[in-house]
Amino acid sequence: MDLNSASTIVLRVLTQATSQDTAVLKPAEEQLKQWETQPGFYSVLLNIFTNHTLDVNVRWLAVLYFKNGIDRYWRRVAPHALSDEEKTTLRAGLITNFNEPVNQIATQISVLIAKVARVDCPRQWPELIPTLLESVKVQDDLRQHRALLTFYHVTKTLASKRLAADRKLFYDLASGIYSFACSLWNHHTDTFLQQVCTGDEAAAANSLERTLLSLKVLRKLTVHGFVEPHWSTEVMGFLHAVFERLKQFLECSRSIKAENVCRDRLEKTIILFTKVLLDFLDQHPFSFTPLIQRSLEFAVSYVFTEAGEGIVFERFIVQCMNLIKMIVKNYAYKPSKNIEDSSPETLEAHKIKTAFFTYPTLMEICRRLVTHYFLLTKEELTMWEEDPEGFTVEETGGDSWKYSLRPCTEVLFIDIFHEYNQTLTPVLLEMVQNLQGSSTNMEDTSVILIKDAVYNAVGLAAYELFDSVDFDQWFKNQLLAELQVSHNRYKPIRRRVIWLIGQWISVKFKSDLRPMLYEAIHNLLQDQDLVSVLVFLNGGLPVDDFEFRTDQFLPYLESMFTLLFQLLQEVTQCDTKMHVLHVLSCVIERVNMQIRPYVGCLVQYLPLLWKQSEEHNMLRCAILTTLIHLVQGLGADSENLYPFLLPVIQLSTDVSQPPHVYLLEDGLELWLVTLENSPCLTPELLRIFQNMSALLELSSENLKNCFKIINAYIFLSSSEFLQMYAADLCRSFCDLLKDITTEGQVQVLKV
């Protein structure tokens, strides 16, 4: 491509490619696709997106096409690879000016420079890092920021390379620029703090952005740039400085109001400080040993004492708790049972941990976790009243303990209690004892919330408390009575008690007490105490464990099954329906044939639920599991389900249908169970075998079930089945024998 003549044409086509009119857009996209492999095309794109007088949308599109071209054609071995001459020109052009005025385009340019650096730096592009280091020193605010942004993306990309030779290059780079990166970060940090003191908000916001970017660079260099970072005085000096800077920034947050433009960035910077510590601990646990004492002192003081009041925010608390948790649980800091087998580094770290976690410290952490962080908030209580189902799904759902406060506090409590159970068991039992003597004042919400929190702790620590709590007596003498308190303000305790029982059932609960528990669950279902029931069902009704006895459950079967079915219809969220279906499946599986009189309503409802769940494959998996147990429970009577059952099997096992990715395994099991319980081979059953040849071609882990299904057809009606499918089966088996293991070949021959 001749640059002068081509620029106008490419510019016109890019402009057309930003059109909303598909008649204009599609031909333009086709033309750009044809030009992707033309020599000189990317030089034209570079000229276009660096021309700040052109339309922003056109420049944005030019950057994206350039970035995609790097992925496809930059490497020498790529088909239609760019020539070395053009790449040299492009590399020079990319770092000529760091003056892009539009933030989004500046970010894309930084990313594409980093992509080129991943392939070419430092061998083919030795001038990149020196150019960036010089550019971040300039006085022009825009140029300095854009250079720093690029410096970060380049560092991030180079740090992510994993081959040994690449790691060595990054170690060399890190040792060469670390001192400069530290001084750059200190400069921007000091400038920001001074500007906050003088009240210059606009200047402070700019300096904070540079502080954040330079800290991001240091994070990558510190965590990934050294094999043994504890030998570097600069690295350890920076990490110790992190604590001082954190304190300064936290104090700074007192004076910056929530609506201030700096506030959000300030909190992000504080979180980034904690990420530096967490990442370093994760990657270099032994190098972190000199920081254990200071980290614990810092985190515990801000989270578990008055020092943090008024300045800490939720995400910071979560990060501090994660830091404590990672130190407590770190396997590198746990000596072997035989002390002589432990390394000196492990023993040193363990010694520091033991010296810190004294009885008073552990007691204060435990009490604060339970009586402060475990307490239900006003927002949670309001959500409970307004949306009980949503409240339950959110509390028991997929929120990661790393990012959400409540799960994080609970995980920290479990880990600390497990590690120091001998010290903390008496502390927790004393809390329980303090609740026993007095009757609960229904008007005192704080007393109810404390009881909820203590019961939560006892449930979380169930395995550790096995020898210390007589749960059977507690259940009979107190907990059962608490489930029967109907006062509206006592709802949190009813819900917590039923959850507590669910935690202890698999730990310590006599089977003789089960009928009392079934009665209590039955009453909750009847009273439509939705949150309590759902919390318990999320843990699983006590029918899917080894202690279950059918004779104890049968008196409650009809009413319990009816109430559970009503609940299944009433709830609206996909997760909740899955939990209720799981419990219904367990009930059907346990009582087997004795479920027959009660399943009519469920059989009528499942086709509707299947249709409603078209976009929710995991719910459809739960329906398939329920159908498997239903067919087993109904036996030959399951033939009445065929109008619904067989299309479900057809869809679930059809590899040309996208849902098969989720449904295939359960669909095959349902198909097999249906055949095993079928009194005869119907034409409809025979027809769905058309799916089998494609399944055999997959040669997946489901082959065994496929062979079982084929055998089941042969046992049901060999002549009719083989007359229709024998030739296809023989062809499939001949192809299979070439590709499968000896064990698989034996299975084929058995069929």
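Author: Let us begin with proline 122, which is found in the loop between helix 6 (103-120) and helix 7 (128-135). Helices (H or I, at least four residues) and strands (E, at least two) are DSSP runs, numbered from the N terminus. The model is predicted: local features need pLDDT of at least 70, side-chain atom pairs count only at pLDDT 80 or more, and totals for chains, interfaces and linings use all residues. Residues are numbered from 1 along each chain as its sequence is written, and side-chain values use heavy atoms, with hydrogens and water left out.

Reader: What kind of peptide bond joins cysteine 121 and proline 122?

Author: The bond is cis, with omega about 5°. Most peptide bonds are trans.

Reader: Why is cysteine 121 called buried?

Author: Buried means under 20% relative accessible area, exposed over 50%, and partly exposed in between (1.4 Å probe, protein chains only). Cysteine 121 has a relative accessible area of 10%, and is therefore buried.

Reader: How do you know that the sulfur of cysteine 121 is too far from the closest cysteine sulfur for a bond?

Author: A disulfide is a pair of cysteine sulfur atoms within 2.5 Å. The closest cysteine sulfur to that of cysteine 121 is in cysteine 182, 20 Å away, so it is too far for a bond. The sulfur of cysteine 252 lies 6.9 Å from its closest cysteine sulfur, in cysteine 197, and this too is too far for a bond. A search of the whole structure finds zero disulfides.

Reader: What makes threonine 222 count as buried?

Author: Its relative accessibility is 0%, so threonine 222 counts as buried. Threonine 222 is found in helix 10 (residues 201-224). Leaving out residues up to four places away in sequence, threonine 222 touches Tyr178, Val235, Phe238, Leu239, Phe280 and His284; contact means heavy atoms within 4.5 Å.

Reader: Is histidine 80 buried or exposed, and why?

Author: Histidine 80 has 55% relative accessibility and therefore counts as exposed. Histidine 80 is found in the loop between helix 4 and helix 5 (84-94). Its phi is positive, about 60°, although histidine 80 is not a glycine. Most residues other than glycine have a negative phi.

Reader: At what angle do helix 3 and helix 4 pack?

Author: Helix 3 (residues 41-49) and helix 4 (residues 56-73) pack at about 145°, with axes 9 Å apart. Axes are lines fitted to C-alpha atoms, for helices over the stretch in contact, and angles run from 0 to 180 degrees between N-to-C directions. Among the residues that meet are Leu45 and Phe49 in helix 3 and Val63 and Phe66 in helix 4.

Reader: How many helices and strands does the whole protein have?

Author: The secondary structure comes to 35 helices and zero strands. Buried residues make up 52% of the 751 residues. Along its principal axes the C-alpha trace spans about 85 × 75 × 60 Å.
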